[in-house]
Every structure is written in structure tokens, then in C-alpha cells.
Amino acid sequence: KQKYPDALFKMFSDPTRIKIMYALHEKSLNVCEISYLLNMTHSAISHQLKYLKECNLVKSKRAGKEVLYSLADDHVVMIYKMALEHVCEV
């Protein structure tokens, strides 16, 4: 797993990953729900979720046959919301 700050900022530099994080900041979703919301293929979403998980920005939890994804913890939610607030200030 990546432990360097540059990896964290790299995750925030990709528009698709930001959209995924936006979708997950309200509630947990599975890959099908995320791909529907973002109008992207399951494979593209899974690929990006892998990177987000490697940086500990997203976590997964099995619920029966499906896997639900959510933001990893309150720190991630706080970083995301602060970045959004900063962008909206300008």
C-alpha cells in the first residue's frame, strides 16, 4: 500500500476518482450503482476503486453477494469536503 503524500494528491488529481468519491460521500454503493451514476463501465469503476483502496481513501464491505464501497473514514470525508469548500470559495 502506498504511504506517501504524493500518492494521496495523485488520487485527487483524477476527475473519475473525484466523481467516485463524490458518489460515496453520502452513502455506500456497489460497483453497479457507481457505474450507473457516472455512466461508466463496471470495469472502469473497478479499476479506479482499486487505486482508491490502495491509498486508503475507500474501503469495501461484503454484504451478502454484493460488495459495498464507502469512503475509508472521517479523515477522508473531511479532506474531500475541505477541498470542495476551497474550490467553491473562488
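A nonpolar core is a set of buried Ala, Val, Leu, Ile, Met, Phe, Trp, Tyr and Cys residues joined through side-chain atoms within 4.5 Å, where buried means under 20% relative accessible area, exposed over 50% and partly exposed in between (1.4 Å probe, protein chains only). The model is predicted, so local features need pLDDT of at least 70 and side-chain atom pairs count only at pLDDT 80 or more, while totals for chains, interfaces and linings use all residues. Residues are numbered from 1 along each chain as its sequence is written, and side-chain values use heavy atoms, without hydrogens and water.

**Exercise 1. Find which residues of the largest nonpolar core touch the most other members.**

Start with the members: of the 22 residues in this core, Ile20, Met21, Leu24, Ile34, Leu49 and Leu57 touch the most others. Next, look at the elements, which are DSSP runs numbered from the N terminus (helices H or I, at least four residues; strands E, at least two). At least two core residues come from each of α1 (5-12), α2 (15-24), α3 (31-38), α4 (42-54), β2 (66-71) and α5 (74-89). The most come from α2, with four residues. Now zoom in on Met21: beyond residues up to four places away in sequence, it touches Phe12, Leu52, Leu57, Leu71, Val76 and Tyr80, contact being heavy atoms within 4.5 Å.

**Exercise 2. Work out how α2 and α4 are oriented to each other.**

Axes are lines fitted to C-alpha atoms, for helices over the stretch in contact, with angles from 0 to 180 degrees between N-to-C directions. Here the two axes come within 10 Å and cross at roughly 85 degrees. Angles under 35 degrees count as roughly parallel, over 145 as roughly antiparallel, 65 to 115 as roughly perpendicular and the rest as oblique. Therefore α2 and α4 are roughly perpendicular. To finish, list the contact: Thr16, Arg17, Ile20, Met21 and Leu24 of α2 with Ile45, Gln48, Leu49, Tyr51 and Leu52 of α4.
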